[in-house]
Structures are given as C-alpha cells and as structure tokens.
Amino acid sequence: MELRQDRDGAVAGGAALKVGGGNRRRRCDYGSFRASERDAELLYLVGEQYALTLPQLACLIGRSVHTARALRDRWKRAGWAGSGKLAVEAPSFVWLTGRGAALARSPFRAWQPNHGLALHIEAVTWVRLLLERELGLGEWECERSIARRHAEQGGRRRHLPDGIVSTAEGRVAVEVELTLKNRGRLREIIRDSGNTYQHVWYFARPTIVPALRTIAAESAWQNIDVYTYPPTPGELPRSPRRA
C-alpha cells in the first residue's frame, strides 16, 4: 500500500487525477510527498539506531551511496529526516525529524544530533548490520527499546547494553567500546552483564582488546567474548552454544 503525506504531515491514500482532452493537468497530489512501505520501514530503523550514516543506508537498500544520498535528499525535502556531518572521521548521518518519527510510527522521540555520540552510534549500527543482516544470527533489540522496557518494568536502573541479539541458542548482550572506560567501572559493567545475560559479546578497538579480555576472564560465568572492531573475518562471532 502506498501512502501520501502532504506538507502539513497528513497521511492519506493518493491517486493521480487524469483529465481527458489531450492536455495534461497538474496532479492533485502535486507538491506532496509519497511515502512507501519501504520508506516507513527504513525510517523506523533509523529511529531505533538514533541515526544512520549514508553508507549504512546504502547497505540496507542494497544500492550505491549515490542512491542512498538521493533517498536521503527526498526524505529531507519531505521533512522526514535531517542530515549532516557529525564527526570528522565519519560520513554524513541521517536522523529522524518529528514528522519522520510520526510517519514511521516510531515509539522513540526524534533524536537531537550529538557530536560526542556519533562515532559510537555508527559503530553500533555496523555491528547490528553484521550480526543481524549479514550473519543472520538473530533479531536485534536496540538500546532504545531495552531502555524503554526496563523503564516500564521499574526497579533499579542498571547499565544497558548497546543491543541484544536473540539467537537460536539464547540472548546475547552486545557492547561496543571505542575507548577504554575506568577499569573499576568496566569491571562492574562486565560483572553485571555476565550475571544478567546468557552471553555477552564485546566489540572493541584493537588497542583496548587486551585490557577487556583480561577483565572478561575474571567473570564468574565465563560467558563474555571480546572481538575487535571492526571484526576480522577469522574471528567473526557465531551463534553461541548453550551454557
């Protein structure tokens, strides 16, 4: 089903008005933007991840970055998305506006661009695409959904992972580390995660992998694996075995 969103944000079915007589008349939906189911699905995923980079959008649609840029530009013209350069080391990002969040029926508020979080958001999304789309290990639950669920359940607010993958063999908490936290705080997080989830996978920059592996080895359950980010082909994670 194709939806049409006019410039004031209303969504409705649309059809072109065709007038006989040989003269083409202006379409009744001229000046409006049509939203496809694909648009809504992609925008929903953007909302889950806070933002996507253009290469990530290209990966999702299976097309070139040039095509992804054209899609981003159409979203911007429709008022569904914002875009910009948030980090020197990263490509342009795309995020939802309030109108885009409404169109996608996202349960999350439109994200306000944060330069300090941009690289981490980019890395988490690449890990999601690897585990969920490329390797097909299971369905991903985003950090925003995890936080929402914990808020509804109440209780003590603890550290939340960057995502959870529900595999055939159990739930895996996923963490992405680009900088090394205070070791005391890191030990606390690893202990809590190891006690809470069946498995924990860390993806970290090569320079901090040794420290993370040393701390992970202290886990009582021995259920924490540390991989480099980006992961090398020889160490790609596989569906975990049951403990």
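The buried residues of α2 are covered by elements including α1 (37–48), β4 (52–53), α3 (65–78), β6 and α5, where buried means under 20% relative accessible area, exposed over 50% and partly exposed in between (1.4 Å probe, protein chains only). Helices (H or I, at least four residues) and strands (E, at least two) are DSSP runs, numbered from the N terminus. This is a predicted model, so to speak of local features takes pLDDT of at least 70 and side-chain atom pairs count only at pLDDT 80 or more, while totals for chains, interfaces and linings use all residues. Residues are numbered from 1 along each chain as its sequence is written, and side-chain values use heavy atoms, leaving out hydrogens and water.

Six of the eight residues of α2 are buried, so the helix is largely enclosed by the rest of the structure. Those six are L54, Q56, L57, A58, L60 and I61. Just after α2 comes G62, with a positive phi of about 65°.

As for the packing with α5, helix α2 (residues 54–61) sits at an angle of about 15° to α5, with the axes 10 Å apart; axes are lines fitted to C-alpha atoms, for helices over the stretch in contact, and angles run from 0 to 180 degrees between N-to-C directions. The two helices α2 and α5 are therefore roughly parallel (angles under 35 degrees; over 145 is roughly antiparallel, 65 to 115 roughly perpendicular, the rest oblique). On the α2 side, P55, Q56, C59 and L60 meet E122, T125, W126, L129 and R133 of α5, contact being heavy atoms within 4.5 Å.

Now the rings. Searching the whole structure turns up four aromatic pairs; rings of Phe, Tyr and Trp (its six-membered ring) pair if their centres lie within 6.5 Å, with planes under 30 degrees apart stacked, over 60 edge-to-face and the rest tilted. One of them, W95 with W111, is edge-to-face, at 6.4 Å centre to centre and 75° between the planes. W95 is in strand β6 (residues 93–96) and W111 in the loop between α4 (98–104) and α5 (118–134), so this pair ties together parts 16 residues apart in sequence.

With F203 in strand β10 (residues 199–204) and Y227 in strand β11 (residues 224–228), the pair ties together parts 24 residues apart in sequence. F203 is buried at a relative accessible area of 0%, and Y227 is buried at 12%.
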